[in-house]
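Here's a quick briefing to read with the model open beside you. Have a look at the fold first, then work down the topics below.

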Amino acid sequence: MSYASAHLPAANQAYVEAFSKTDKGSLPLPPGKKVAILGCMDARLDTHASTGLVEGDSHHIRNAGGRVDPGALRSLVISQQLLGTREIIIIHHTDCGMLTFTTPQAQSLISERLPGTKELLDFPFLEFSDLHQSVEDDVNTLKESPLILDDTVITGFVYHVETGVLEKVV
């Protein structure tokens, strides 16, 4: 049985009971700290707790590797232009799966599992072999993007999954 079927209803009910005792239902739409975080989707990375931000403070955009891709850029533009964020924090992490493969390897494996998927030939996996360089690359991509406001504060960190430490890279 799936998690959504077996556990989600009870977990949500417990959340609703706790939620009703807070003012979270009246939080404003724009993030209070005007911060957007782009981080990896890895289940070991809690982008709220590790940064000291709580619900209502910031936007949290997650994808494989925490990379600046078209989807992340779209979300960041909306975050800035429609919801007022003025700072972007990029968080990649140690022991990331994106360090373990190359695009040709991923394309080969997936095409074996999903025959006839020609879309993979142009699919950007955005893997990396140098963790710190990937953070620098993504920070630079945002700084050079005409879609990101010029006065945006953009920083990049590596989260150490072994210790919880956020190491500033840029």
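Contact here means heavy atoms within 4.5 Å. With that in mind, and leaving aside its neighbours within four places in sequence, Leu-166 is in contact with Ser-50, Thr-51, Ile-91, Phe-157, Val-158 and Tyr-159. Keep in mind that this is a predicted model.

- Strand S1 (residues 35-40) pairs with S3 in the parallel sense, over five bridges.
- To find your place in S3, look for Glu-87, which has Val-35 standing opposite.

**Helices lying across the strands**

**Leu-166, out in S5**

- Leu-166 lies in strand S5.
- With a relative accessible area of 25%, Leu-166 is partly exposed, because buried means under 20% and exposed over 50%.
- The C-alpha atoms of Leu-166 and Val-139 are separated by 16 Å, and the two residues are 27 apart along the chain.

**His-92, a buried histidine**

- His-92 is found in strand S3 (residues 87-93).
- Is His-92 buried or exposed? Its relative accessibility is 0%, so His-92 counts as buried.
- The side chains of His-92 and Asp-138 are joined by a polar contact of 3.1 Å.

**The nonpolar core**

- The largest nonpolar core has 28 residues, and those touching the most other members are Leu-76, Ile-88, Ile-90, Ile-91, Leu-142 and Ile-148.
- S1, H3, S3, H5 and S4 are the elements that give two or more residues to this core.
- Which element gives the most to this core? That's S1, with five residues.
- Take Leu-76 as a way in: leaving aside its neighbours within four places in sequence, Leu-76 is in contact with Ala-36, Ile-61, Ile-88, Leu-142 and Ile-148.

**Aromatic rings**

- How many aromatic pairs does a search of the whole structure find? It finds three.
- One of them is Phe-101 with Phe-125: the ring centres are 6.2 Å apart and the planes are at 85°, so the pair is edge-to-face.
- Phe-101 sits in the loop between S3 and H4, while Phe-125 sits in the loop between H4 and H5, so the pair ties together parts that are 24 residues apart in sequence.
- Phe-123 and Phe-125 also make an edge-to-face aromatic pair, at 5.1 Å centre to centre and 65° between the planes.
- Put together, Phe-101, Phe-123 and Phe-125 form one aromatic cluster.
- As for accessibility, Phe-125 counts as buried at 16%, whereas Phe-101 is partly exposed, with a relative accessible area of 22%.
- Phe-123 is partly exposed too, with a relative accessible area of 45%.

**Two loop residues with positive phi**

- Asp-95 has a phi near 55°, a positive value in a residue other than glycine.
- You'll find Asp-95 in the loop between S3 and helix H4 (103-113), and at 51% relative accessibility Asp-95 counts as exposed.
- Leu-126 likewise has a phi near 55°, a positive value in a residue other than glycine.
- Leu-126 lies in the loop between H4 and H5, and at 28% relative accessibility Leu-126 counts as partly exposed.

Methods. Residues numbered from 1 in each chain as written. Predicted model: local features only at pLDDT ≥ 70, side-chain atom pairs only at ≥ 80, totals over all residues. Heavy atoms only, no water. Helix = DSSP H or I, 4+ residues; strand = E, 2+ residues; numbered from the N terminus. Buried < 20%, exposed > 50% of the residue type's maximum accessible area, 1.4 Å probe, protein only. Polar contact = N/O pair within 3.5 Å; in protein donor to acceptor, adjacent residues only side chain to side chain. Pairing = 2+ DSSP bridges. Core = buried A, V, L, I, M, F, W, Y, C linked by side-chain atoms within 4.5 Å. Phe/Tyr/Trp six-rings, centres within 6.5 Å; stacked < 30°, edge-to-face > 60°.
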